[in-house]
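I opened my notebook to look at how two of the chains meet, and then at one residue elsewhere. Here is what I wrote down as I went.

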4 protein chains.
Amino acid sequence: MNSKSLELAERLIPATYLRQAAECDVYREKQIQILIDQRKCPDEGWDDATIELLVNKLSRMDSNNFPHNCGVGERESRIYSGLVSQRHYRLGHGIGRSGDIAEVQPKAAGSSLLNKLTNAIVLDVIRSVGVPKTAACLVVPVATGMSIVLCLLTLRQQRPKAKYVLWPRIDQKSCFKSIITAGYEPAIIENKLEGDELRTDVDELERQLLSLGADSVAAVMTTTSCFAPRAIDRLEEVAKLCAQHGVPHIINNAYGVQSSKCMHHIQEASRVGRVDAFVQSTDKNFMVPVGGAVIAGFDSEFIEQVGKMYPGRASSSPVVDLFITLLSMGKNGYKKLLAERKMMKKQLEELMEVVVQKNGLRLLSTKNNPISIGMSLPQDSSSVLTELGSMLFLRGVSGTRVIATTDAKTISGHTFQGWGSHASDYPVAYLTAAASIGMTAEDINLFVQRLDKCLQKFMAQRNENNTSKEDNEDNLDNAVKS
Amino acid sequence: MNSKSLELAERLIPATYLRQAAECDVYREKQIQILIDQRKCPDEGWDDATIELLVNKLSRMDSNNFPHNCGVGERESRIYSGLVSQRHYRLGHGIGRSGDIAEVQPKAAGSSLLNKLTNAIVLDVIRSVGVPKTAACLVVPVATGMSIVLCLLTLRQQRPKAKYVLWPRIDQKSCFKSIITAGYEPAIIENKLEGDELRTDVDELERQLLSLGADSVAAVMTTTSCFAPRAIDRLEEVAKLCAQHGVPHIINNAYGVQSSKCMHHIQEASRVGRVDAFVQSTDKNFMVPVGGAVIAGFDSEFIEQVGKMYPGRASSSPVVDLFITLLSMGKNGYKKLLAERKMMKKQLEELMEVVVQKNGLRLLSTKNNPISIGMSLPQDSSSVLTELGSMLFLRGVSGTRVIATTDAKTISGHTFQGWGSHASDYPVAYLTAAASIGMTAEDINLFVQRLDKCLQKFMAQRNENNTSKEDNEDNLDNAVKS
Amino acid sequence: MNSKSLELAERLIPATYLRQAAECDVYREKQIQILIDQRKCPDEGWDDATIELLVNKLSRMDSNNFPHNCGVGERESRIYSGLVSQRHYRLGHGIGRSGDIAEVQPKAAGSSLLNKLTNAIVLDVIRSVGVPKTAACLVVPVATGMSIVLCLLTLRQQRPKAKYVLWPRIDQKSCFKSIITAGYEPAIIENKLEGDELRTDVDELERQLLSLGADSVAAVMTTTSCFAPRAIDRLEEVAKLCAQHGVPHIINNAYGVQSSKCMHHIQEASRVGRVDAFVQSTDKNFMVPVGGAVIAGFDSEFIEQVGKMYPGRASSSPVVDLFITLLSMGKNGYKKLLAERKMMKKQLEELMEVVVQKNGLRLLSTKNNPISIGMSLPQDSSSVLTELGSMLFLRGVSGTRVIATTDAKTISGHTFQGWGSHASDYPVAYLTAAASIGMTAEDINLFVQRLDKCLQKFMAQRNENNTSKEDNEDNLDNAVKS
Amino acid sequence: MNSKSLELAERLIPATYLRQAAECDVYREKQIQILIDQRKCPDEGWDDATIELLVNKLSRMDSNNFPHNCGVGERESRIYSGLVSQRHYRLGHGIGRSGDIAEVQPKAAGSSLLNKLTNAIVLDVIRSVGVPKTAACLVVPVATGMSIVLCLLTLRQQRPKAKYVLWPRIDQKSCFKSIITAGYEPAIIENKLEGDELRTDVDELERQLLSLGADSVAAVMTTTSCFAPRAIDRLEEVAKLCAQHGVPHIINNAYGVQSSKCMHHIQEASRVGRVDAFVQSTDKNFMVPVGGAVIAGFDSEFIEQVGKMYPGRASSSPVVDLFITLLSMGKNGYKKLLAERKMMKKQLEELMEVVVQKNGLRLLSTKNNPISIGMSLPQDSSSVLTELGSMLFLRGVSGTRVIATTDAKTISGHTFQGWGSHASDYPVAYLTAAASIGMTAEDINLFVQRLDKCLQKFMAQRNENNTSKEDNEDNLDNAVKS
């Protein structure tokens with residue numbers, strides 16, 4: 001409603017009421033103006049009405065929503081289904097342009113602006129939660145694995161002769177596959193056992209780097225967030241090596257934004273050595289549906305080049321989700337979630353400690369893993385141990401992993417002994433649980449109760465050598481009663 | 001409402017009313033059952049109520065929506081914003097699994113099923129509209145360019161020594177970039193001018209294939225749908241060559257599903273020669289927002305391998321859009337849209353013919369381009385001609401392209417003379433318009449009216465050597481009045 | 001996005017793209033401005049984006065949506081459920097104020113404006129479709145019956161001694177009950193049979209009016225839209241009588257807005273005599289959910305008094321529905337629907353003619369009923385005839401009425417012979433069907449097919465004196481196959 | 001998805017995953033079954049997914065959503081606008097039937113069931129929060145004032161000769177108007193001042209009852225929830241009188257469900273005397289948009305008769321809101337809200353006490369008003385005092401009332417001295433604030449801060465005899481900064 005409309009409305013509604021109502025929108029428009037001016041995530045989250053005001057406005061700025069548009073191109077964003085149109089706020093043109101995912105689309109000024117703003121506020125958030133020196137970031141509508149592929153393909157242009165990616169082992173399939181998909185040969189660095197923890201074997205990494213020759217190495221790929229008992233890689237030491245030998249360094253920070261420790265080590269690594277990019281999942285860090293990642297770095301030119309590697313347009317859906325979510329959280333809201341997560345981690349650890357002691361087991365000591373917790377299991381065959389995982393899953397516990405440490409797996413021609421445990425001979429079977437963003441005290445309480453019940457049953461069954469399936473009766477309903 | 005509930009409801013509502021109401025849901029459930037059983041796109045489109053019934057059901061099958069779930073993993077699909085959660089029907093886990101985008105997620109049975117069903121019904125649709133021998137297809141949540149990258153990266157695993165992609169020139173940046181991004185060297189085959197049309201120079205292609213050596217060629221990449229005056233590539237002849245030399249053949253069928261001609265040539269090419277995959281955009285063919293593509297082929301194993309190249313999970317949003325849309329259209333609805341498009345193409349051609357004659361210009365004769373139409377422009381500098389494009393855009397015409405044929409452009413080190421015209425020396429400047437799916441008679445009428453006005457003004461201005469910007473006053477409002 | 005924001009956005013997006021996008025919103029804002037200025041239903045319907053722009057804006061003008069509101073009243077429109085809040089566009093304060101349903105709420109400038117605008121555009125529509133002299137109207141969030149009660153209660157204030165409502169019989173329960181509920185005694189005027197039609201017995205009406213005494217008559221209540229074979233009441237003659245005797249006249253025009261004939265007679269009646277109010281359903285005339293009515297009249301003061309009779313606030317939901325719907329239709333869209341309805345009525349009549357002839361029955365000739373059509377049935381017991389209605393209902397035909405003419409019904413102490421047929425001794429049993437707004441050719445085709453099948457079966461059963469319930473197997477599924 | 005579909009899905013998804021997913025829906029369906037079986041508000045609130053599962057199911061049970069319906073009636077619930085259809089879950093038939101708002105509609109089994117269930121769970125809630133002996137209740141889609149009209153119109157049928165409604169004065173316009181609208185003469189009983197409180201003058205009430213004669217009294221209408229310093233009426237004593245004289249007793253419990261004190265007195269009154277109905281607003285007690293009320297009573301027959309007085313159908317929108325909201329809260333959730341409100345009332349009182357003392361004013365002592373709080377103001381002209389209210393409103397405080405006690409108002413011919421203060425000569429000017437359901441600690445903090453600021457400014461202005469409008473600059477923005 002423009003000012004003329006408001007004036008005309010005074011014929012129908014007393015001016016004082018209208019003026020106060022108008023002022024509230026002035027306030028909302030001011031918030032939007034500050035956003036566009038400063039391109040920072042607002043400190044306080046916005047209400048949904050303001051968010052929708054902005055998203056709807058941006059949507060109306062795309063040509064497919066122009067009232068008198070006639071489209072004679074091959075892509076006019078005609079959306080067939082009303083259900084589909086509405087769930088996308090009538091946004092249809094996606095983001096990016098033929099040659100660059102960050103480029104502006106003439107036909108879609110609104111989508112383009114939304115994309116630019118999202119990249120800016122994500123950058124602001126990343127800087128605010130531990131990596132202040134981040135120079136640029138790019139929100140891409142592909143998940144972490146594919147984002148790493150994009151980084152590696154970008155490096156290929158710079159280092160056409162390189163064939164290898166040096167990779168401290170992390171038993172997460174998509175990390176490994178990203179190397180393969182990008183057309184590289186992985187050079188696997190086995191981890192070193194230090195106490196219960198598995199840590200980067202920096203010496204071995206240097207040895208292989210020298211042996212392969214720095215020029216033939218496309219990148220070293222390290223990992224921050226991972227399942228215990230693996231710890232954050234020794235980022236600083238690796239970064240120094242990379243700087244020294246002129247080798248790119250990509251950090252897989254999949255769900256590390258939520259941990260100040262992961263972020264701190266990235267910041268430090270960039271200070272003392274070389275980090276080309278660190279890549280994080282949007283769903284795991286920002287509580288949106290799976291589908292996006294943030295590629296961030298300390299050299300904006302490299303990030304720009306990654307954007308230019310992306311051929312063609314892409315879905316704006318993950319970007320829209322992130323935009324809405326960060327505006328809704330605000331920086332303070334996000335920091336509050338991070339603080340709560342930290343507390344939940346502590347609480348989860350304490351309560352698991354009680355359960356393991358009661359059941360004659362123990363927690364693994366992994367102080368360099370700020371998210372995931374491991375607890376020992378009695379050594380047994382993989383199939384027997386898996387039983388415990390199933391028990392938990394059937395009781396509505398999702399996300400635990402039971403690791404027998406004795407499985408082997410071959411992926412793209414590489415065989416991993418002890419697959420799942422990040423090591424070929426981890427000394428003890430274990431189960432992991434994680435305290436990730438958004439976890440609640442109720443999650444923890446339900447989990448430890450169910451864990452305790454399952455452990456008791458599992459231990460009893462093992463003693464009786466009785467692994468019959470009677471458990472199946474014991475379904476969710478029972479779990480709920482517990 | 002289970003049958004017990006319905007029985008109990010008889011205490012409140014007469015049984016006859018309830019029974020009839022229940023029967024309607026039996027009918028809906030039957031439609032769903034047939035879908036899961038036959039995995040074909042229904043002939044008749046479903047109403048939104050049935051679609052939502054199914055999508056909501058699938059959503060409730062994902063663990064993040066289990067009433068008593070407690071999540072202790074690193075990814076539990078906790079969605080922060082209610083706006084985001086709702087627009088995704090509370091689906092959050094995306095599709096795919098670490099190693100394979102087509103794999104089932106234990107935590108997300110519903111999303112996994114939705115993904116499988118979508119792939120199946122898309123396959124059915126593709127078979128129904130012209131390529132009956134298609135063996136498999138994969139809906140991926142990346143657009144055409146990136147999908148071609150995926151195909152090429154998959155070929156790299158099979159042909160590690162190959163370095164080149166043979167590519168009959170098509171001046172669409174993302175096609176070209178997809179070759180670069182995948183790490184290949186493009187071997188560009190200039191098109192042959194035949195009348196007004198630009199067609200594949202098959203002899204030159206064979207020459208280059210032999211000169212580079214079949215083993216060093218990763219693939220030949222042809223194109224169907226494109227802007228006039230370029231025509232569909234000679235798919236059959238290229239396919240024969242590929243078969244003969246054992247070279248993979250990828251077809252960029254970006255918006256070709258909507259054209260029976262494009263589809264027919266793909267089918268024929270696969271019959272007489274080799275086609276490894278044909279790739280099409282979901283937004284351009286199925287009227288959904290930008291963000292997905294369909295990778296289809298005649299050998300299911302190859303399509304499977306492409307799926308396995310995708311590292312990690314991915315957004316399910318483009319898949320959900322396509323699922324909803326195809327169920328809503330039904331096969332008959334889709335075929336009706338295709339038939340209407342064909343009619344619109346004819347009508348657009350006829351009305352443009354009138355306008356060009358009136359303005360002393362002519363249509364280009366491009367009978368092998370079933371979607372795009374070119375009309376000659378007076379030869380002039382690129383900047384002057386661009387003026388005409390701006391005039392049209394300012395009047396709410398989106399999608400025309402004005403090609404001066406004299407521009408040069410360098411992309412990733414390759415310089416293209418006559419960029420935009422698919423040829424280094426196309427003899428005449430021109431403007432294109434396309435009849436794509438969903439176009440209406442009103443679109444056409446508005447377009448030709450505005451085209452006529454703009455042409456007259458443009459011609460007059462040229463005569464006066466007057467290209468001042470007075471046109472700017474002449475904005476959308478005027479266009480609307482016209 | 002204010003103009004400052006757009007200017008700032010030029011740092012991110014080229015100014016030309018932004019300017020064009022901005023212009024489109026200027027256009028939308030202009031439409032809104034015209035609406036508020038002229039308070040007429042727009043000729044052309046608006047797109048949903050513009051409607052949502054306005055409704056969202058109005059919602060933000062209500063105090064419960066002010067960003068910094070703190071509420072310390074007893075009613076602060078705090079909405080608990082997100083589902084509820086969203087479906088009402090966050091509107092919560094309803095409409096009206098303690099003493100007047102049309103009054104402005106200081107806390108809810110937006111809702112109040114929406115309410116005023118809705119009343120204005122409905123008035124414009126009513127004037128445009130046949131009653132140009134309408135002086136005022138009031139959209140109330142109660143349906144027709146309750147709206148008539150409101151009118152009668154308003155009359156009670158003016159004519160405290162009146163006890164009777166004169167009422168040409170119409171066998172629709174809620175009309176009759178509205179008299180009772182308002183605390184009046186109905187004086188029933190039986191209809192006269194003229195050919196097949198039942199028409200107002202104006203002489204009898206005058207006789208009763210004189211016999212009761214004009215002062216003791218609160219109002220005469222006539223009816224336009226009704227089931228055949230009853231016809232529109234002789235509004236003009238009644239209106240003249242009312243004028244002559246100084247008796248108020250309320251017209252129940254429940255679904256008559258959709259018929260130019262009903263509207264024309266109302267207009268004429270007001271010209272030649274007295275009409276105090278005519279009342280119409282919003283759902284039946286404007287394709288919104290049940291819940292509202294429009295009370296219109298030729299004297300704005302009376303309509304105002306009706307508004308002031310409504311004690312307290314009321315749901316804004318029916319008003320919002322009507323507002324959205326009329327903006328979406330536009331006046332032209334609505335007129336098109338009316339024209340189509342007229343055509344459908346003709347088509348329905350023609351096809352029913354075929355069916356009745358085939359089955360040895362006949363259509364009733366009721367040229368003064370523009371919506372409903374009656375066809376004769378063989379005379380039989382009510383229970384046997386009802387069977388036919390059930391058959392139809394079980395085949396998915398809703399809305400037919402089977403009238404045996406032999407039933408009697410007592411409502412609030414009054415016994416109606418031949419209940420359902422508007423007469424105590426209508427000579428023939430019959431079935432009615434109506435062509436109401438929104439009906440499609442497919443509705444008609446399905447209906448006549450099913451009618452034909454049911455009639456044949458029904459006739460056969462009667463002949464065999466076999467009315468067993470075997471029909472029940474023959475459910476919707478069969479109907480669908482037909 | 002029926003069991004056959006799930007079985008077929010096993011071809012696509014491992015059976016174990018499907019089974020667990022299916023179990024969760026079994027759980028949800030069980031919740032629904034229990035609801036239909038027991039017809040009680042669930043103790044624990046349901047998640048939105050379950051609520052939508054049920055509402056969508058009910059919607060599909062209405063004939064307008066039958067896949068193969070063809071409608072030939074005058075009301076087929078064809079909904080024109082997609083926006084409207086969707087916000088009502090495609091429910092269009094409203095509730096009720098010609099003669100009875102509680103009756104089942106054959107065409108709308110789903111809506112009818114939803115209506116029955118809502119009435120049942122509301123009854124359960126009312127019984128649970130203080131009036132266990134409630135026999136029946138009716139949710140009506142009209143607000144409190146109109147609901148009281150319905151009750152009074154129902155009484156008219158039983159007591160055709162009665163002319164008066166005895167009414168202990170409460171200065172809330174719609175209560176008074178409901179008597180007028182129903183066609184009765186109000187007999188006003190002025191309140192007695194006891195300390196600061198205004199209480200029912202039972203002696204005067206009895207005097208008037210006897211003087212008018214019990215037979216000519218349609219009802220006594222008392223009030224529970226009201227603005228301080230008026231207190232809850234002496235319900236028990238009035239109820240005894242009513243029983244003794246055989247006069248109906250209607251209690252206006254507008255926002256009293258949220259107060260255990262109000263509810264307790266109603267229960268007690270019904271125990272010791274006569275209560276025919278108690279009426280409460282849905283928005284004020286259950287946090288839904290304005291538009292509904294609950295008419296409850298101790299004699300189901302009377303409540304049934306009220307339902308039968310409602311002529312015709314009505315909007316189901318307020319019923320749907322209440323259904324969703326109560327399922328979402330659960331009984332425990334609702335009780336928690338009530339407990340919180342009680343705490344907020346205490347906190348509001350304590351903080352206001354601080355403010356009034358600081359400003360040399362005092363709280364009114366009104367222990368029989370459990371919701372509203374009054375604080376004295378310096379005696380001044382009405383227009384000066386109103387200034388203070390405006391100041392507060394402009395700072396985003398909604399809901400306070402400033403009462404000068406010196407205004408007079410004439411409504412429908414009755415003049416009220418001291419309008420707004422429930423008394424003709426209340427000794428002191430005052431301001432009220434209320435702690436109503438959903439109020440938060442933040443509301444209170446903002447309020448008392450703003451109140452303090454405004455009071456200081458107001459007092460200063462009075463001292464300077466300066467009531468200029470400079471305050472206007474001091475708008476919301478300032479308030480926000482505070």
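Before anything else, I noted what buried area stands for: the accessible area, with a 1.4 Å probe, that two parts lose on being put together, summed over both. I also reminded myself that this is a predicted model.

**Entry: chain C against chain A**

I looked up the area buried between chain C and chain A and found about 4,800 Å², with carbon and sulfur atoms giving 63% of that. On the chain C side, C:M1, C:L12 and C:R60 lose the most area to chain A, and together they make up 17% of what that side buries. I then listed who takes part: 50 residues come from chain C and 50 residues from chain A.

**Entry: charged and polar pairs**

How many salt bridges does the rule find across the interface of chain C and chain A? I got eight. I looked up C:K57 and A:D25, a salt bridge whose closest N and O atoms are 2.8 Å apart.

Which elements of chain C each supply at least two residues to the side touching chain A? They are α1 (3-9), α2 (15-38), α3 (48-60) and α5 (109-128). The most comes from α2(C), with 13 residues. By type, I sorted that side of chain C into 26 nonpolar, 10 polar and 14 charged residues.

**Entry: D:N253**

I found D:N253 in the loop between β8 (249-252) and α10 (260-272) of chain D. I marked D:N253 as buried because its relative accessibility is 0%, and the cut-off is under 20%. Leaving aside neighbours within four places in sequence, D:N253 is in contact with residues including D:T224, D:C262, D:F278 and D:N285.

Conventions
Residues numbered from 1 in each chain as written. Chains lettered and ligands numbered in written order. Predicted model: local features only at pLDDT ≥ 70, side-chain atom pairs only at ≥ 80, totals over all residues. Heavy atoms only, no water. Contact = heavy atoms within 4.5 Å. Salt bridge = Lys/Arg side-chain N within 4 Å of Asp/Glu carboxyl O. Helix = DSSP H or I, 4+ residues; strand = E, 2+ residues; numbered from the N terminus. Nonpolar A, V, L, I, M, F, W, Y, C, P; charged D, E, K, R; others polar. Buried < 20%, exposed > 50% of the residue type's maximum accessible area, 1.4 Å probe, protein only.
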